[in-house]
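Here are my notes on the model, point by point. Please read them with the coordinates open.

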Amino acid sequence: MAQIPNLGNAPLNLAALREQSQKDLIGILKTIRGKKCLVIDPKLAGTLSLIVQTSLLKEYGAELRILSSDPLQTECPKVVYLVRSQLSFMKFIASQIRNDESKGLQREYFLYFAPRRTVACEKECLIEGDTSSIWHVAKAIHKLEFAFGVIPNVRAKGVASTKAAELLNNMQLDDPVNMDDMGIPEINTVILLDREVDMVTAMCSQLTYEGLLDEMLQINNGSVEVDASIMGTQQDGKKVKVPLNSSDKLYKEIRDLNFEVVVQVLRQKATSIQQDYAEVKSTNTQSVSELKDFVRRLHLLPEIARHVHLAQHLQSFTGKPSFHARLDIEQTILEVQNFEICFEYIEEMIHKQEPIENVLRLLVLLSLTNAGLPKKNFDYLRREILHSYGFEHMHLLYNLEKAGLFKRQESRSNWVGITRALQLIVDVHDTANPSDVSYIFSGYAPLSIRLVQHAVRSGWRSVEELLKLLPGPHLDLKRGGSFDSSLEVQPGSGAQQSIDRVGRRSLVLVVFIGGVTFAEIAALRFLSAQEGMGHDFLVATTKVVNGNTILRAIIANSKEGMM
């Protein structure tokens, strides 16, 4: 399991929530005496690795297995299943139990759902259009309110986010937090954003160190899995898991930097230690304290080596002319300049049969910024994709069109007006000492982050007309002390104080429904560190995504739809 992240510097006592989750799991294991096999579904395995170490599970007599369609391999007399409520997992569990029975094995079975049991798993039926995830988002926020007080300001943009905000308010009416016992709320504002509101940012190539690692290697639950050779060990074909979280002090320092700057930082640190070593070797005049300081710095060597290896691997991609050519095309698309050059670039990618998600990523970006493609261009590219990649992708193109990601142009684009009003396109001259979040994409400030900036300054009021140009409804709730059912939805709830917790900066919870990119998380950390901001940001999301993972999910769903 990956190294558990350090939560010591979090603006909220998240460590207490993690400890409570540990206690809940250990409580289950304690009630089931003797040796037991804990079987968890693959996705929960990653989440569990951020909460508890495998060694702690062993202390309570539990061995760990990942749920699959294969028969369960264990000698334990008791089996504890911890799974999400999905029908496929119910089939796996039923198959494993039947396999045990066919072998005459006598075992006790225990089934726990996370986060809750659903009717689908009990009656073996699936219903399309399931919105249970929105309920879970609202429930998670309400759980935070029981720990840290009722959040007085709720701002939401998008269909799912406004629904989650309404559910949150209803939960407070049905299951109220006793505000008299809580004192001043620790979270001043929650901002909920649908991914659909800003799909443009998700389609852009991330240029921070952490963002690039996710683009090239895909970070899962705070770690990447790479060939051992990338990390400098000669073990052909073997994979190694590299932890990436705030417990690594060097990673914490460089994760949000532009990748070009990261390379310089690593070079400086390695050179500095090398010079110190040469100095220690050439003279005998160092004091004990100087030697102690040198030894302390030597402890950083494994971290430096780890990130040098990873950075070197990333450079094998970023050093190619094709990488920079793609970035140039992305910037041209974002600035809505020279449609023909962008169109021809995508056409050439199709003819070269580059990975389809790479093609679709630029195609979606071009379509989003132009409110679709002219009919002639749309029909041509659609036809070329089917010819190059196969007619089995027809359902995929239909789904992209249905989602509004790749469509025919039916009206004028408002993208230029949005970029000007929110100052999304910015000249970046110094990525080493940035003054604006646009350094994240070397000249493009994420739309989602600009919306957050306006939301914390003055609610939605200052961008009321602009919000109407973006997908989905918006709301701004000011939640009072009585929480009666006549709670008013306001167009904007006015300016708020930056310092409204006792002696501390205002804390803003930003919730992305549908996914957030590492680049956007970096942008919020950058904002929080700026002088005069007066806010700390806490990020919550249904998933960490990038353009490729979003498109791969659509591709996978389209294939299932063809079956």
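1. Cys-204 is buried, at a relative accessible area of 2%. Cys-76 is buried too, at 6% relative accessibility. Note that this is a predicted model. A search of the whole structure returns zero disulfides.

2. Some overall figures. The protein has 24 helices and 12 strands. Of its 563 residues, 47% are buried. Take the contacts with a separation of 6 or more: residues 24 or more positions apart account for 76% of them.

3. Ser-161 deserves a look. Ser-161 sits in helix H7, residues 159-174. Its relative accessible area is 0%, so Ser-161 counts as buried. Which residues does Ser-161 touch, leaving aside neighbours within four places in sequence? They are Ala-156, Leu-192, Leu-193, Asp-194 and Ile-513. Ser-161 and Val-511 are 350 residues apart along the chain, yet their C-alpha atoms are separated by 8.6 Å.

4. Helix H10 covers residues 209-217. Is this helix enclosed or open? Eight of its nine residues are buried, so H10 is largely enclosed by the rest of the structure. The buried set includes the charged residues Glu-210, Asp-214 and Glu-215. Tyr-209, Gly-211, Leu-212, Leu-213 and Leu-217 are buried as well.

5. Next, the residue that follows H10. Gln-218 comes after the helix and lies in the loop between H10 and strand S7 (223-227). Its phi is positive, about 60°, although Gln-218 is not a glycine. Gln-218 is partly exposed, with a relative accessible area of 31%.

6. Phi of Gln-423 is near 55°, a positive value in a residue other than glycine. Gln-423 is found in the loop between helix H20 (415-422) and helix H21 (447-458). How accessible is Gln-423? At 55% relative accessibility, Gln-423 counts as exposed.

7. Now the helix pairs, starting with H15 (residues 321-334) and H16 (residues 339-351). They pack at an angle of about 140°, with their axes 10 Å apart. H15 and H16 are therefore oblique to each other. Their crossing is left-handed. H15 contributes Ser-322, Ala-325, Arg-326, Ile-329, Thr-332 and Ile-333 to the contact. From H16 come Ile-341, Cys-342, Tyr-345 and Met-349. Seven of these contact residues are nonpolar, two are polar and one is charged.

8. The second pair is H18 (residues 375-389) with H19 (residues 394-402). Here the packing angle is about 145° and the axes are 10 Å apart. The crossing of H18 and H19 is right-handed. On the H18 side, the contact is made by Phe-378, Arg-382, Ile-385 and Leu-386. On the H19 side, Met-394, Leu-397 and Glu-401 take part. The contact residues divide into five nonpolar, no polar and two charged.

Technical notes: Residues numbered from 1 in each chain as written. Predicted model: local features only at pLDDT ≥ 70, side-chain atom pairs only at ≥ 80, totals over all residues. Heavy atoms only, no water. Disulfide = S-S within 2.5 Å. Buried < 20%, exposed > 50% of the residue type's maximum accessible area, 1.4 Å probe, protein only. Axes fitted to C-alpha atoms, helices over the stretch in contact; angles between N-to-C directions. Helix = DSSP H or I, 4+ residues; strand = E, 2+ residues; numbered from the N terminus. Parallel < 35°, antiparallel > 145°, perpendicular 65-115°, else oblique. Left-handed = near helix turned anticlockwise from the far one by under 90°. Contact = heavy atoms within 4.5 Å.
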